[in-house]
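Please have the sequence and the 3D view open as you go.

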Amino acid sequence: MARNPETRGTCAYCGEIVTRRGIDKHLVTCQKRQSALQASAQTPETLWRLHLQGSYNHGFWLELEMRGSASLEHLDEYLRGRFAWLECCDHLSQFNLGGLSRVEIDMDRKADRFFQSGMVFRHIYDFGTSSVTDIKVLGSSQGKPVTQYPISLLARNQTPEQTCQECDQKAAWLCMECVYDLGEDVFLCDEHLKDHEHEEGPIALVNSPRLGMCGYTGPAEPPY
Ligand SMILES: [Zn+2]
Ligand SMILES: [Zn+2]
Ligand SMILES: [Zn+2]
Ligand SMILES: [Zn+2]
């Protein structure tokens, strides 16, 4: 499904707009990140930096920090349950090595036992209407986790802006009936949603690559 590519994102700590390349530089100088680190009472351990992006739409991306002691199951749970970047109807999910072989990776695998800098693997959610996420391991360092959780968000893409098909205003809705019946993304503003021929199934636009797929409705708001 075509969406506007978005390479700029926001810092999860202060909300400042950052480019993908500028994230590291920003995090070092980000006051809120630095105070969170200072306030953290967590025991230092290996922390892995991950870059996740929608396989079919690179405009949706997450920059995560994951504890070395955390497992892939934690990552799966984070993407699905915790902030529902992907979750709709409890479909099956899997990690695999990608490529043609698609060797499945056991979800019990711990980051420290499995990750290597530069490696790339995949997460698949739903084997019907699949959401595929490419995951790149950027590197690791020793440090204090900022939260007590296995994973935390550092930055993510800005919500792609969509324009109402009836006017030039910013859209707030996607009509799912148009998606199902016409195979088209029809974005609408509040005003034009009222006049739209389809009354059922508009969903609020949320910042997720699963928008418009299956019964997905979000919220795609990370709790940490
Ligand atoms: Zn910041
Ligand atoms: Zn579903
Ligand atoms: Zn419609
Ligand atoms: Zn409109």
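Cysteine 30 is buried, with a relative accessible area of 2% (buried means under 20% relative accessible area, exposed over 50%, partly exposed in between, using a 1.4 Å probe and protein chains only). This is a predicted model, in which local features need pLDDT of at least 70, side-chain atom pairs count only at pLDDT 80 or more, and totals for chains, interfaces and linings use all residues. Residues are numbered from 1 along each chain as its sequence is written, chains are lettered from A and ligands numbered from 1 in the order in which they are written, and side-chain values use heavy atoms, leaving out hydrogens and water.

- Cysteine 11 belongs to strand β1 (residues 8–11) and cysteine 30 to the loop between α1 (23–29) and α2 (31–39), so the pair ties together parts 19 residues apart in sequence (helices, H or I, of at least four residues and strands, E, of at least two are DSSP runs, numbered from the N terminus).
- Cysteine 11 is buried too, at 4% relative accessible area.

**Around serine 93**

- Serine 93 sits in strand β5 (residues 93–96) and is buried, with a relative accessible area of 16%.
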